[in-house]
Amino acid sequence: SVKAGSEVPVAQQAAPVGQGVPEMVEPETSPEMDGLHAVRSPVVGTFYRAPAPGEDAYVEVGDAVSAGQTLCIVEAMKLMNEIVADVSGEVVEVLAENAGGVEYDQPLFYLRPEAE
């Protein structure tokens with residue numbers, strides 16, 4: 001019973017530490033705060049940078065894209081969902097791995113929006 005009693009405070013100590021982690025992670029300047037725009041996945045699925053294997057990727061880092069332009073495909077349950085840019089700008093970073101899984105609302109690309 002002594003062991004059980006000594007474990008309880010440890011668990012209580014661990015909880016605040018776990019809660020504190022998000023606060024510590026947040027203050028780092030996130031790309032969005034840097035003026036970048038995240039294009040997020042609307043579905044859980046598989047990320048493809050090109051329309052088909054062996055074809056060129058839709059976009060590369062440094063490409064200028066316009067709103068409505070296809071950036072990639074996310075396949076979900078055999079449906080090919082074309083993900084389009086919702087702003088015009090420059091592709092700064094591709095965050096997902098080709099043929100890798102992506103989660104709902106996961107950032108796929110960072111775009112630097114064109115100055116209006």
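The model is predicted, and local features need pLDDT of at least 70, side-chain atom pairs count only at pLDDT 80 or more, while totals for chains, interfaces and linings use all residues. Residues are numbered from 1 along each chain as its sequence is written, and side-chain values use heavy atoms, with hydrogens and water left out.

**Overall fold**

The protein chain contains 1 helix and 8 strands, in the sequence pattern α-β-β-β-β-β-β-β-β. Helices (H or I, at least four residues) and strands (E, at least two) are DSSP runs, numbered from the N terminus. Of the 116 residues, 25% count as buried; buried means under 20% relative accessible area, exposed over 50%, and partly exposed in between (1.4 Å probe, protein chains only). The accessible surface comes to about 7,800 Å², of which 55% belongs to carbon and sulfur atoms; such areas come from the Shrake-Rupley method with a 1.4 Å probe, and for residues only the protein chains shown count as cover. Among contacts (heavy atoms within 4.5 Å) between residues at least 6 apart in sequence, 60% join residues at least 24 apart.

**Sheet**

Four strands form an open sheet in the order β1-β8-β6-β3, with antiparallel pairing. Two strands pair if DSSP finds at least two bridges between them. β1 (37-40) and β3 (64-65) are at the edges with a single partner strand each, so one side of each has no neighbour in the sheet. β1 and β8 (residues 107-113) run antiparallel and are joined by 4 bridges. Arg 40 has Pro 107 in β8 as its bridge partner.

**Core**

The largest nonpolar core has 16 residues, and Phe 47, Leu 108 and Phe 109 have the most contacts inside it. Such a core is a set of buried Ala, Val, Leu, Ile, Met, Phe, Trp, Tyr and Cys residues joined through side-chain atoms within 4.5 Å. β4 (70-76), β6 (89-94) and β8 are the elements that give two or more residues to this core. Not counting residues up to four places away in sequence, Phe 109 touches residues including Val 39, Phe 47, Leu 71 and Val 91.

**Ser 41**

Ser 41 lies in the loop between β1 and β2 and is buried, with a relative accessible area of 2%. The side chain of Ser 41 reaches the backbone oxygen of Val 43 at 2.5 Å. The C-alpha atoms of Ser 41 and Val 102 are 7.3 Å apart, although 61 residues separate them along the chain. Beyond four places in sequence, the contacts of Ser 41 include Val 74, Tyr 104 and Leu 108.

The whole structure has 2 salt bridges, each defined as a side-chain nitrogen of Lys or Arg within 4 Å of a carboxyl oxygen of Asp or Glu.

| Pair | N to O distance |
|---|---|
| Arg 49 and Glu 60 | 2.9 Å |
| Glu 75 and Lys 78 | 3.9 Å |

Arg 49 and Glu 60 both lie in the loop between β2 and β3, so this pair ties together parts 11 residues apart in sequence. Glu 60 is partly exposed at 39% relative accessibility. In the other pair, Glu 75 is buried at 15%, whereas Lys 78 is exposed at 72%. A polar atom of the Arg 49 side chain also lies 2.7 Å from the backbone oxygen of Val 59.

Methods: Polar contact = N/O pair within 3.5 Å; in protein donor to acceptor, adjacent residues only side chain to side chain.
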